[in-house]
Amino acid sequence: MFVSTAFAQTGAPAGGGDMLVQFAPLILIFVVFYFLLIRPQQKKMKEHKAMLDSIRRGDRVVTGGGIIGTVTKVDNDELQVEIADGVKVRCMRGTVNMVLAKTEPAKGGAKADAATTTTAAATPVEGETAEAAPAPAEKAKGIGGLFGRK
């Protein structure tokens with residue numbers, strides 16, 4: 001009675017162009033999410049995996065719990081990390097968050113590398129006195145040393 005016949009009529013069927021216009025915002029949102037969120041996260045995960053695969057003995061690492069130490073032994077998925085003099089802990093390779101310092105691969109073995117580093121540190125450069133070279137104990141330690149704090 002109160003409804004007019006114009007409102008009671010059925011509408012024309014939707015065309016194919018309307019369907020594309022309706023899904024265009026959803027497609028645009030997915031493209032933006034891919035380039036701003038998904039792709040950078042995949043790149044970060046790939047870099048982290050490469051970092052974990054390249055860990056070797058002598059590297060200074062930070063674990064997921066915030067423990068800083070030097071890697072002394074590397075197995076497949078397990079690392080032995082020395083966190084203090086004589087204190088070694090075993091941790092999974094995946095728990096390493098960051099590598100603070102990478103070591104150079106030994107060319108002549110560990111003995112040759114150790115001999116060159118001790119003689120180079122003990123011998124002053126020409127024109128320089130032995131006092132000018134800082135002693136290893138005087139170097140800044142911990143995370144504060146990374147940011148220039150003493």
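Glu 78 and Arg 90 form a salt bridge through their side chains, with an N to O distance of 3.1 Å. The model is predicted, and the structure holds three salt bridges. Side chains of opposite charge can pair when their charged atoms come close.

**Strand to strand: Glu 78 and Arg 90**
- Glu 78 belongs to strand S3 (residues 78–84) and Arg 90 to strand S4 (residues 87–92), so this pair ties together parts twelve residues apart in sequence.
- Glu 78 is partly exposed, at 27% relative accessible area, whereas Arg 90 is exposed, at 64%.

**Loop to loop: Lys 102 and Asp 59**
- A salt bridge joins the side chains of Lys 102 and Asp 59, at 3.3 Å from N to O.
- The pair links distant parts of the chain, 43 residues apart: Lys 102 is in the loop between strand S5 (96–101) and helix H3 (110–122), and Asp 59 is in the loop between H2 and strand S1 (60–63).
- Asp 59 has a relative accessible area of 0% and is therefore buried, while Lys 102 counts as partly exposed at 42% relative accessibility.

- The closest N and O atoms of the salt bridge between Asp 53 and Lys 49 are 3.4 Å apart.
- Both residues are in helix H2 (residues 16–53), with a spacing of four residues, about one turn of the helix.
- Asp 53 counts as exposed because its relative accessibility is 52%, and Lys 49 counts as exposed at 52% relative accessibility.

Key:
Residues numbered from 1 in each chain as written. Predicted model: local features only at pLDDT ≥ 70, side-chain atom pairs only at ≥ 80, totals over all residues. Heavy atoms only, no water. Salt bridge = Lys/Arg side-chain N within 4 Å of Asp/Glu carboxyl O. Helix = DSSP H or I, 4+ residues; strand = E, 2+ residues; numbered from the N terminus. Buried < 20%, exposed > 50% of the residue type's maximum accessible area, 1.4 Å probe, protein only.
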